[in-house]
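Hi,

Here is the structure I promised to pass on.

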Amino acid sequence: MLTTQLTSYGLAFLLIFTAIAVGLRSPSLLLMSILPNLMPMLVMFSLMAWLLIPLNTATVMVASISLGIAVDNTVHFLNRYRQQRVAGDAPVEAAEATILLVGPGITISTITACIGFYALIPSAFSPISHLGLLSGSAVLAALVANLLFLPATIALSARRAANVPS
């Protein structure tokens, strides 16, 4: 099961990031999209290790679920960011405007998904309970990554680009 999960997750990661590269048409935005989409997996696997949650048919789906939701939020954020940049905003100002314009929608959709996932936690069937806990936590980590780490990455990239001599 672990080998199948790693293979399918690797293939999904490759296909999703190929689609992001084509859609955003920007190698730098593609690179910036990786951290917010890896973070939920790190949180999920860390929780599994910390709480000794086994890999089973329910928990094996968590990576795919959280990657799907995280990628949606990241693409939504980066697409709006790109639009702000095309409109003439500097990188940091574009990131700030994007947070104001996209942040509420991403936050509300994540909170509703978390409520749905966390509602599974009281289940007497432990795989379903674990699915709810891990999926909700991974989706929440994706929100944090998209609203905190992604804009910070943009700001650091802009600062680094401004300090590089021509």
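Leucine 134 touches Met44, Leu47, Met48, Ile53, Thr59 and Val62, leaving out residues up to four places away in sequence; contact here means heavy atoms within 4.5 Å. This is a predicted model, so to speak of local features pLDDT has to be at least 70, side-chain atom pairs count only at pLDDT 80 or more, and totals for chains, interfaces and linings use all residues. Residues are numbered from 1 along each chain as its sequence is written, and side-chain values use heavy atoms, without hydrogens and water.

Leu134 is also among the members of the largest nonpolar core that touch the most others, along with Leu29, Met44, Phe77, Leu78, Tyr81 and Ile154; the core has 30 residues. (Such a core is a set of buried Ala, Val, Leu, Ile, Met, Phe, Trp, Tyr and Cys residues joined through side-chain atoms within 4.5 Å; buried is under 20% relative accessible area, exposed over 50%, partly exposed in between, with a 1.4 Å probe and protein chains only.) At least two core residues come from each of α1 (2–24), α2 (27–50), α3 (62–86), α4 (91–118) and α5 (126–163), helices being DSSP runs of H or I with at least four residues, numbered from the N terminus.

Then there's threonine 98, in α4. Thr98 is buried, at 0% relative accessible area, and its side chain reaches the backbone oxygen of alanine 94 at 2.7 Å. Beyond four places in sequence, Thr98 is in contact with Phe77, Arg80, Tyr81, Gln84 and Gly103.

Leucine 35, in α2, is partly exposed at 40%.

Cheers

Definitions and conventions: A polar contact is a pair of N or O atoms within 3.5 Å; within protein, one must be able to donate a hydrogen and the other to accept it, and residues adjacent in sequence count only if both atoms are side-chain atoms.
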